[in-house]
Amino acid sequence: MSTSKEQEIEELPPDESEPKEGKSKSKGKPVVKEPGAKAAKAKSGKEAKAAEEKGTRAAERSRREADPNARRVPYPASPDDVPEGLTDYAESYVKQQNLLLAGLFLFLMLYIGAVLFFALVGTWCVWSLGHWFLIKVIGIVFSSFFFLYLVKGFFKSHPMDKEMHIEITEDEHPVLFKFIEQLCDELGAPLPNKVFVSPDVNAAVMPRTSLINLFVEPKKDLLIGLGLVNSCNLSEFKAVLAHEFGHFSQSAMASSYTYVASRIIGDLVEGEDWFDRMINWSKKQDNAFAVFGHVVGAPLWITRKILEQCYKIITLQRLAVSREREFHADLVAVSAAGSNAVVHCLLRTDFGHQCFIQALNDLSTAIDHKLYSNDLYLHQDRASAVVRRKKKELELGLPPAFKSLHEGKNTEVFDAEEEEMTDEIPPMWRTHPSNSDREKNAKEQFVGAVVDHRSPWVLFDAPAEIKERMTYKFYRMVFKIPKNTDLADAAKVQKFIDNEHADTTYDPKYKGAYDDRPLEPGDLGELNTILRDKPWDDDRMEKVLTKLYDGCEEHAEAHAELYKEAQALRSSIVGRPSSKLKRRIEDVEKKQDENWEWFKSFDRRVYLLHVQMASQVAKEEKEELIERYRFQLEVQRLYQESRAAFNEADKYLTAHAMNQRNEINLGPEFVGEVLRVLRESWKALKKIIKDAREINLPAMKNFEEGESLVDFILEGKMVPEPPLDYAKGAWINKLMTQLQGVRTKCFRLHFKSVGGILRLQEQIATKWMAAREPIGAEVVEVEPIEAEVIPAEVIPDELMEAEVIPAEVSEAEPIAAEVTSATASVVSQAETPKAIAAFVVASSVAAAPELHSPQPSPAAEPAARVNVFDFDTTAPEPIAGAIASAPPAEMPGEAGFSLNAESAPQPEPAKPTPGAVPVAAAGLFSLDNDAPVKQKAEKEAREVAEKAAQSQSRLPGVVPASRVVASEAKPTPKTDTKPATGKRPAIRITLVRPGEKSPLAK
């Protein structure tokens, strides 16, 4: 990253890296002066010192420019058309500050006078102790205590909290310091004493103040937030620093005087130290100390109340001056970077702060899985998409783009009405003006400037190193991770965060139905009973699915608005609420209940619909969906119980702390109430942990399916049961930490579980809709096959005269039948006379047309192929051997497809029976032209067979031929055989060679 930064610095055009020639502070950039103190009022020593400092800076800059190896500073070009007197102090600013200084001076004079008065009274009492001894002793005690009470404010130390700060030096980041020096030189502002960086989105002046600074100008340090560096471009960063350096130059003595005096008064009014704690301790004793505490504490309380009113008036005036100073510092920034840069950096910093908070929440989630990132600011960048998606504003935080330098004067980036609705702080109590007011101030005299879109990280040497240092410090100070904890690659941690958001960020099509609320479909057992007893039909399910999310957006918005209204009403309660306020709260709660009932009905409808769809198309997913709903309801219950237990304990502990500070008086018995509530909270935690042991986690990203819920929500070993009569501070802290941990982790699981339910429901709905869609017929075009024409070979018929053999008729000899019980004798083909065998073949064909023959055995003769159109699967099988010499062929069907005869089942050819009539005599036609059959012979053969059958049927014990086992004969149906009832006959195709006469023709 440092390499790319150096490349950008080298590629910077000369006119953007240095101030343009001819442009100086005397032209549009006057030196910032103190209000009411022009050049004639400035001290000559101070002017000489400033001139000497300027000369030193100029000489150093000339030396750097002459050095060919010196790195050029990436410095955005300053505007050319800065109006004259833009940075002069406004009359309102001078008036407000003079009024504040007068009030502070008067207050301090009275304050110092009171200190001297009590000092003199005490001294007089000591020197004149001989007269009225007791009264003067009491006077000495009271004077001493009041003297100490007033004087302690002057000496109370305020060490600057720099735990989160890292000091950087010019040796470490020379380009940044040259940038700061060049900007200070352009503005005529003093250089900062030291430069610190912090992790947040911020920039500030940090004065080093003490009591002596009432008379001596304090030193000032510069604080740069790396979150700010990560949020804006180089022009906007220049505007931010110019704003801070504007504060450096604002009435240095007046500013320090105001700051120190306000701090002393604030410590006297609001501060608490050893003196206050001693008085409070005395009041609670049951001996003479209690009398002392009340006697001394009463006048001190009256004194404090008087000081509070004075402090309130001074604070209001100080805040008014603070807002005027912000306006002036903004104009200083306009003179250095242009109006648009000032306004846009306000927008960027506000959005950058939202992204920073989101990144912290994401990293806190990763810590639960022992993941620690090495770059906090990569996650701040990635959080921008999440914030925009949650706010439902895709261009949130993006300033408008302008094509020319002078565009933007009439463009309002901030909406004054929206800010007034969202900002709960009254304008009089704000330290800074609203962004819309600052925008108007910055654009009142519009100044255009070229925008440098580079990142301010180009000013830092080895930015990756400073990012990791700050990230580690942040983890140590905020998340309290162990020392020397290894930090993981930020990309790996971000992948974990992305998976987390995939579960907890819901599709906009749900219209906010699942944002910030639990699911309440009702009792799942009852709903499953309804599904079993009264299932919905498909048409109803389709209608419900189509209109499922209608009305969700309106009710979700109403839910959010009513919640805000209820919170605002409750926070406005001071003491006992009025009847009017009670009615308003009750009205809001009634509307909330009505809105909540709508969502309950909605959740019930969603559950019923998707479980029924799953029962039709995905039985396994149905069970999974029901189990996921059960897990969801359990997690919600655990969250609500842990939240209630934590809030109840926190409320009593807060009241106990206020009671200890004598802010409220709850009596000595209140301690017992606190112990009782803490024990109840501990019991609630114990029950939650017990229930969580019986629950396993479903499949979710960043979790192992089947893992026990308790292993995730409970950190460490559960805090043991406390004694009945006391509770140690360490025990209370651990209890509250574990309750808060269960609460936050169940809250996280709630959103992940809802995301899993929605994803599964989408899968079920998709399958169900796909099953209901009609399947379109696929039309296959038939490709015609050109037939090969073979010229017919004409073979002359050879006529042979048939020899007529007269039939020999013999008398039938009766044979006595032998009857056996339960078994009928079957005449085998071997014992059947020739005439009877012929009848068996013919009758078997006519009696059993639907019987399928078995497959041919290896020894059997291969069956000849037949070509059929099988329109009914129950039609008779084609007869093997019917076509002896026809070649295989494919015949086009009526529906546009072809059926190959090879795919049809082939019956087994019948074994020849000795003495049986040839197959042709049974009604089949041969295509063998070498053996023509005469009709006369056929007729005579049929007559002989009929006579034989008649005589045989009269013999006792003989089974009719129709009952002979069908597999012993070939079924040979005729072409005119009638089909069975309700069945269509199979169609048999007989092929005839060209030139041959069809045997079917009679």
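Which residue is the bridge partner of Arg208 in E4? Lys219 is that partner. The close-ups below come from a predicted model.

**View 1. Strands E3 and E4 run antiparallel.** Strand E3 covers residues 203–208. Six bridges join E3 to E4. One of the facing pairs is Arg208 with Lys219, the latter in E4.

**View 2. Strands E2 and E4 pair in the parallel sense.** Strand E2 spans residues 195–198. Four bridges link E2 and E4. Look for Ser198, which stands opposite Gly225 of E4.

**View 3. Strand E4 is largely enclosed by the rest of the structure.** E4 is made of residues 219–225. Six of its seven residues are buried, so the strand is largely enclosed. E4 pairs with E2 in the parallel sense and runs antiparallel to E3.

**View 4. Five residues make a nonpolar surface patch.** They are Phe133, Leu134, Val137, Ile138 and Val141. Phe133 lies in helix H5, which runs over residues 133–155. Phe133 counts as exposed because its relative accessibility is 52%, and the cut-off for exposed is over 50%.

**View 5. Glu542 touches Trp768 and Arg772.** These contacts leave out residues up to four places away in sequence. Glu542 sits in helix H19, residues 538–546. Along the chain, Glu542 and Arg772 are 230 residues apart. Their C-alpha atoms are separated by 9.7 Å. Glu542 is partly exposed, with a relative accessible area of 29%.

Technical notes: Residues numbered from 1 in each chain as written. Predicted model: local features only at pLDDT ≥ 70, side-chain atom pairs only at ≥ 80, totals over all residues. Heavy atoms only, no water. Patch = residues over 30% accessible without salt bridge, like charges linked within 9 Å, V, L, I, M, F, W, Y side chains within 5 Å. Areas by Shrake-Rupley, 256 points an atom, 1.4 Å probe, with all protein chains shown as cover. Salt bridge = Lys/Arg side-chain N within 4 Å of Asp/Glu carboxyl O. Helix = DSSP H or I, 4+ residues; strand = E, 2+ residues; numbered from the N terminus. Buried < 20%, exposed > 50% of the residue type's maximum accessible area, 1.4 Å probe, protein only. Contact = heavy atoms within 4.5 Å. Pairing = 2+ DSSP bridges.
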